[in-house]
Every structure is written in structure tokens, then in C-alpha cells.
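Please consult the sequence and the structure while reading.

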Amino acid sequence: MSAQAGDTGERSAPAPKAAERPRNVGEMLERARAFLARKGVEEARLDADLLVAHALDVDRLHLLLRLEEPVAEEELVRARGLLQRRAATEPVAYITGVREFYGRSFGVRSGVLIPRPETELIVDLARDYLADREDAPRILDIGTGSGCLAITLALEVPTATVHAVDVSREALEVARANATSLGAQVTWTENDGLQAAQDGAPWDLVVCNPPYVDPAGREALAPEVRDHEPAGALFAPEGDEHYWVRSLTEGARGWLQRGGLMLVELGYGQGPAALDLGRQADPEARVEQDLAGIPRVLVLGA
Ligand SMILES: C[S@@+](CC[C@H](N)C(=O)[O-])C[C@H]1O[C@@H](n2cnc3c(N)ncnc32)[C@H](O)[C@@H]1O
């Protein structure tokens with residue numbers, strides 16, 4: 001039988017029977033939480049709340065104020081689609097297109113690393129270091145991704161001149177859009193980060209959250225990370241998980257202003273080796289722990 005005019009061959013899901021439909025937002029939310037839990041999603045409750053809120057175009061707080069309200073058919077269909085994506089391991093931030101970092105909303109999409117809470121430690125350390133400075137410090141963010149570090153530093157330290165570099169054009173597009181929506185002034189460069197550090201030296205502060213995952217550990221990563229986030233943002237080059245710490249510590253003295261600082265994020269278990277490398281460049285180098293007590297940021301002076 002030939003396809004009818006207007007028949008694309010795709011059938012939309014049949015409308016749910018009246019009895020199957022949730023009576024209100026609260027019931028829809030309960031079902032969404034149970035669905036994600038059954039699918040093995042670790043933070044099923046939080047993720048369901050965020051996705052249902054997104055489907056209803058409200059924030060999580062307002063969602064909880066609408067629990068008694070009825071659900072429109074199109075809201076139900078939208079929520080189902082989002083929950084199916086999450087059940088298929090797509091991270092919530094790629095589905096909703098946003099992630100909070102240091103109290104601000106950053107746009108994200110596949111092709112750009114989702115900002116992580118542990119990276120906020122770099123901002124805290126940078127703020128401490130730059131507090132009370134009366135000049136205009138020059139900051140470089142290497143591997144800027146969504147621009148979360150560069151933009152946050154530009155907004156938190158308004159006297160600073162902030163530059164950011166990434167090899168990924170897609171990341172820079174997202175970072176530029178974030179800077180516009182958050183009202184931050186940053187100079188963006190598409191280049192290799194080590195080259196940009198050299199070209200723009202001397203810097204008062206260099207920050208970097210490099211791709212530090214050992215490629216040999218790829219299969220051990222959660223599918224949310226392994227199958228969705230960009231390999232170029234995750235995996236250390238040359239199969240060497242210390243590639244970036246080695247390269248950055250070797251370059252530090254040549255790139256930093258006298259009295260300048262470098263802050264480099266480390267992967268789990270990389271603290272001791274990073275400290276050894278750091279101390280070859282600065283005998284007073286140290287590693288700071290994140291809120292979970294994990295050695296997370298190499299701090300190196302010049
Ligand atoms: C771990 S992500 C960090 C992104 C962001 N700074 C954050 O903390 O969320 C690493 C970033 O480094 C970029 N990158 C990888 N190799 C690079 C290189 N040689 N030069 C500059 N950036 C690079 C990747 O494209 C990615 O955006």
C-alpha cells in the first residue's frame with residue numbers, strides 16, 4: 001500500500017488513555033522519578049524534577065508550587081521525550097541546555113564539556129590570590145570550554161583583563177554566547193593553549209582545567225560522560241594523563257609575571273605526581289583539596 005499524502009511513515013505515540021494520564025503535576029512528577037529510578041539513573045529524583053520543570057517551562061521551585069495543577073497533553077508529551085533521553089544516558093545539562101556554575105547559568109550543548117562543581121575551587125583560589133590588588137591583572141584560561149572559568153573570573157574580578165583559548169571552535173561559540181548573556185568581557189582565541197600562553201606572556205594568573213582522563217580508563221567512565229561529552233575535552237593527549245601538568249609546569253616560569261600564579265585542575269589520584277612535577281618548577285608548589293577532600297588543584301607560583 002502506498003503512503004498517503006502527509007504520511008511520513010512515522011507514527012506518533014498513541015494518546016494515553018484517560019486512566020493512564022496523571023491527574024496532576026504531582027502525579028506526573030512521581031511517575032517520572034519512578035521511571036528514571038527503574039532505568040538505573042543515579043540521581044533519579046533530582047533529574048526527574050529538573051526535566052519535568054523544563055517540560056513545563058518553570059524552574060524547580062515553581063514546579064513544586066504547581067503540584068495540584070492539571071497537566072496539558074503537550075506538556076506530558078514533552079516531558080516523556082526528555083525523560084526518554086535521560087533514560088538513554090544523555091546528561092540532564094545537554095537536555096535542558098543549561099548548567100549552574102558559581103551561581104550563574106551557563107548554556108551548554110553536546111560538543112562542550114559540562115562545567116563541574118569541583119572546578120569552582122579554581123575560582124575561589126583565584127579570588128583569594130587577586131583580592132586587594134589595585135592593578136589590572138592579566139588572566140589566561142587555557143581550554144575554556146563553555147567559558148565557565150574565564151567568564152566567572154571576569155565577573156568576579158572586574159578589574160581583570162581576561163583572555164581565553166580553546167582548540168574547539170564549537171566550545172568557543174558556546175563560550176561567546178555565554179559571555180554575551182552574562183555580560184562578561186573576555187578575549188577569545190582559537191588556538192593551542194600552550195602556544196597562546198607563550199604568545200600572550202607575561203600573565204598574572206593562568207588557570208586551566210585540562211583534559212586529564214587517562215584514555216586507558218575510558219570504559220570505566222559513566223556512559224553519561226563517555227558516550228556524550230567530547231573526547232577532546234576529556235582525554236589526556238599521547239595517552240599520558242600527566243601531559244598537561246607536565247607541559248604547564250614546564251612553561252610556567254616563562255609565561256608568568258614575577259609573583260604570578262598558575263592553577264591547574266587535577267583528576268582523581270593525580271595529586272602526588274602533579275605535586276612532584278609542580279615542585280620542579282616551584283619548590284613551594286602545593287595541591288589544594290576540593291569540598292570532597294580530593295586533591296584537586298595544583299597551585300604554582302613564579
Ligand atoms: C576539561 S575541558 C574544560 C572546559 C572548561 N574550562 C571547564 O572547566 O568546564 C578541557 C578543554 O580544553 C580544550 N582543549 C583540549 N586541547 C587543547 C589545546 N591543545 N589547547 C587549548 N584547548 C584545548 C577542550 O576543547 C576543552 O574545551
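In this predicted model, the largest nonpolar core holds 82 residues, of which Leu51, Val52, Leu153 and Val206 touch the most other members. The element that gives the most to this core is helix H7 (residues 148-156), with 7 residues. Both domain 1 (18-88) and domain 2 (110-301) give residues to the core, so it lies between them.

One of the core members named above, Val52, may be considered in more detail. Leaving aside residues up to four places away in sequence, Val52 touches Met28, Leu29, Ala32, Leu63 and Ala79.

The division of the protein is into domain 1 (18-88) and domain 2 (110-301). Taken over C-alpha atoms, the centres of domain 1 and domain 2 are separated by 36 Å.

Helix H9 comprises residues 193-200, and its residues Gly193, Ala196 and Ala197 are buried. Seen down the axis of H9, the buried residues fall within an arc of 105°, so they line one face of the helix. On the other side of H9, Gln195 and Gln198 are exposed. The buried residues of H9 are covered by several elements, including those in the following table.

| Element covering the buried residues of H9 | Residues |
|---|---|
| Strand E3 | 138-142 |
| Strand E4 | 161-166 |
| Strand E5 | 187-190 |
| Strand E6 | 203-208 |
| Helix H12 | 243-255 |

In summary, H9 has buried residues along one face, whereas Gln195 and Gln198 on the other side are exposed.

Technical notes: Residues numbered from 1 in each chain as written. Predicted model: local features only at pLDDT ≥ 70, side-chain atom pairs only at ≥ 80, totals over all residues. Core = buried A, V, L, I, M, F, W, Y, C linked by C-beta atoms within 7 Å. Buried ≥ 20, exposed ≤ 12 C-beta atoms within 10 Å, placed from the backbone. Helix = DSSP H or I, 4+ residues; strand = E, 2+ residues; numbered from the N terminus. Domains from an automatic or database assignment. Contact = placed C-beta atoms within 7 Å. Arc of directions from axis to C-beta.
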